[in-house]
Amino acid sequence: MKRWRKYAACLGCSYLYLSAGLVLVFLGGILWVVCYSGASVVDMEFIRSYPRLGMTAGGIFPAVVGTVWVTMVTALFAVPVGLAAGIYLGDRLRENRLNSLVRASIRNLAGVPSILYGLFGVAIFVRGMGAGASVLAAGLTLGLLTLPYIITTTEEALKQVPASMREGSLALGATDWETLARVVLPAAAPGILTGVLLGLSRAAGETTPILFTGAAFYLRYLPGSVFDEFMALPYHLFILSTQHHAIDTVRPLAEGTALVLLGFVLLLHLLAVLVRYRYRRHHHF
Amino acid sequence: MRSRLVRQIEDRLMGWVFRAAGMMAVTVLLGIFAMLVYNGASAFRTIPWVEFFSGAEWRPSAYGRPSYGIGAMVVSTWLVTSGAMMLSIPLGIGAAAYLSEVASPGVRSLLKSGVELLAGVPSVVVGFLGIVWVGPWLARVTGQSNGLNALNGSILLAVMSLPTLISVAEDAIRSVPRHFKEAAYALGADRWTTLLRVTLPAALPGLVAAVILGTGRAVGETMTVLMATGNAAALPGGFFDSVRTMAATIAIELGEAPYGTPHYHGLFAVGGVLFLMTLSFNLLAERIAARFRYRA
């Protein structure tokens, strides 16, 4: 009996190791395959040149620029609004029913599938506001998608700031706003920045919200204003791997696009992790 | 020093700004719902309710008599999702248990960064790997002509739902009070027995919540299934059939459905059904988790 039990324990623990290891294998596999297959395609030329010959040759320059543009619009919309909403939730000392309603909405918003944000974007921004399929409509749609994420991390970061700091400031006669702007926000800034960068990194890689709100199949020019359509890396990858008329010919281009997209997204991710790491080392409340 | 009045006005003003921003989250959630209901409801002016909910076939552009039944895509969605959960639940809970019970702090933070990174991989990249990597592999192993089927989608969705599952499950396992475990050790139980008989059962509500949240993630995932499951709009017979989920149907057809037609509104109605599914999942998970939370 005892021996059997020892056996089971050994087996069980190795199962835990195995499942944790498998998760790492998945991640490593994804990174390795994308890097390995894309590395022979990607160079400066690939990033800096336009697609040629019906997208069977050339580079992905408009898609890179489009993704950067739309991510910037996303940031311009989602960061201020998300920050303000996060402050509303995180800077309160008391809970009330409105707070918990807002918090519940945000939790549920985070679970809404991205395709539904796409539908919302079409109905409200493209049709309703008349922005048309454009950088603006796509950026706002992605912004909405990112909002719950930014709000939650802002709230968390603000809650990490010890109450004693806030109380000290209030005791010196500062108003709530002065306390927030001069004491609490600076202390929470690295945590907030981490959340913002992670949120934007996600938005940059999303495809479904921009599918109908502004991403274009192929453009020979860059967007001139926020009211123009644009090419984007995720959508470009989708097209090259499923919609193109010569899928086998463009496979290397798709592999290159996948690497550039993953690189861009992971770069933002890495920045976020770096900020968090520095913050952990330097701040101990 | 600025005057007291200015400072007070400024304070009040900023308070209102923050409150308005907070309210915006509620507005957006309600707005998405209202938009889906409004646009979806228009569909039922031409599509009969019974046909929409009980019909199996979704053929909006069939000549003469188009049909709008969501049966096949609901079945497809659940087929892919259930396959994904069968793969990811044992794996995710195992990994979560490893993280909270076995791993040293260093390994733990490394692995958690890994999970976070996995969550950051864009779904279109995962879908792409499903086409170039998982598909051919499946075709070879199972002897099918191509590997773009429900099983492929399930495998990819399993990977995509893992981060949610792991992080929520890990929180649940960690929140089990220490004295539960200490009591088990004191009675002579080893670590594995304690985990299996004490910790995991005590964390069960949280684990259920994790599974539900992971399922919600998988149900609504679009790009991976759109790219890797072959998109045949028919009632699937099994995991080796090509399927088209609800989310994929919206993604494929919204671009080609003319504005204002029953087809266009029908897609919003499909979105409405999807919204209600994921929303009820979230609410359910929240209830279960809140009800059984341990108080320190």
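Biologist: How many residues of chain A are in contact with chain B, and how many of chain B with chain A? Please take helix H4 of chain A as the part to look at closely, and tell me which helices its buried residues pack against.

Modeller: Gladly! A word on the source: this is a predicted model, in which local features need pLDDT of at least 70 and side-chain atom pairs count only at pLDDT 80 or more, while totals for chains, interfaces and linings use all residues. Residues are numbered from 1 along each chain as its sequence is written, and chains are lettered from A and ligands numbered from 1 in the order in which they are written.

To your count: 68 residues of chain A are in contact with 69 residues of chain B (two residues are in contact if their C-beta atoms, placed from the backbone, lie within 7 Å). Helix H1 (residues 2-39) of chain A gives the largest share of the side of chain A that touches chain B, with 17 residues. Helices here are DSSP runs of H or I with at least four residues, strands are runs of E with at least two, and both are numbered from the N terminus. By class, that side of chain A has 50 nonpolar, 14 polar and four charged residues; Ala, Val, Leu, Ile, Met, Phe, Trp, Tyr, Cys and Pro count as nonpolar, Asp, Glu, Lys and Arg as charged, and the others, Gly among them, as polar.

Some background on chain A before we zoom in. Chain A has eleven helices and two strands, in the order α-α-β-β-α-α-α-α-α-α-α-α-α along the sequence. Its C-alpha atoms fill a box of roughly 70 × 70 × 35 Å along the principal axes. Among contacts in chain A between residues at least 6 apart in sequence, 76% join residues at least 24 apart.

Now your helix. H4(A) covers residues 97-111, and its 15 residues should span 21 Å at 1.5 Å a residue, which agrees with the 22 Å between its end C-alpha atoms; the expected span is 1.5 Å times one less than the number of residues. Its buried residues are Val102(A), Ser105(A), Ile106(A), Asn108(A), Leu109(A) and Gly111(A). They pack against helix H3 (61-90) and helix H6 (135-160) of chain A, together with helix H1 (4-43), helix H9 (204-220) and helix H12 (262-291) of chain B.

Let us follow one of these partners. The axes of H4(A) and H6(A) come within 8 Å and cross at roughly 135°, where axes are lines fitted to C-alpha atoms, for helices over the stretch in contact, and angles run from 0 to 180 degrees between N-to-C directions. That makes H4(A) oblique to H6(A) (under 35 degrees counts as roughly parallel, over 145 as roughly antiparallel, 65 to 115 as roughly perpendicular and the rest as oblique). On H4(A), the contact is made by Ile106(A), Leu109(A) and Ala110(A), and on H6(A) by Pro148(A), Tyr149(A), Ile151(A) and Thr152(A). By class, this contact has six nonpolar, one polar and no charged residues. Ile106(A) and Leu109(A) are also among the buried residues of H4(A).

Methods. A residue is buried if 20 or more other C-beta atoms lie within 10 Å of its own, exposed if 12 or fewer, and partly exposed in between; C-beta atoms are placed from the backbone.
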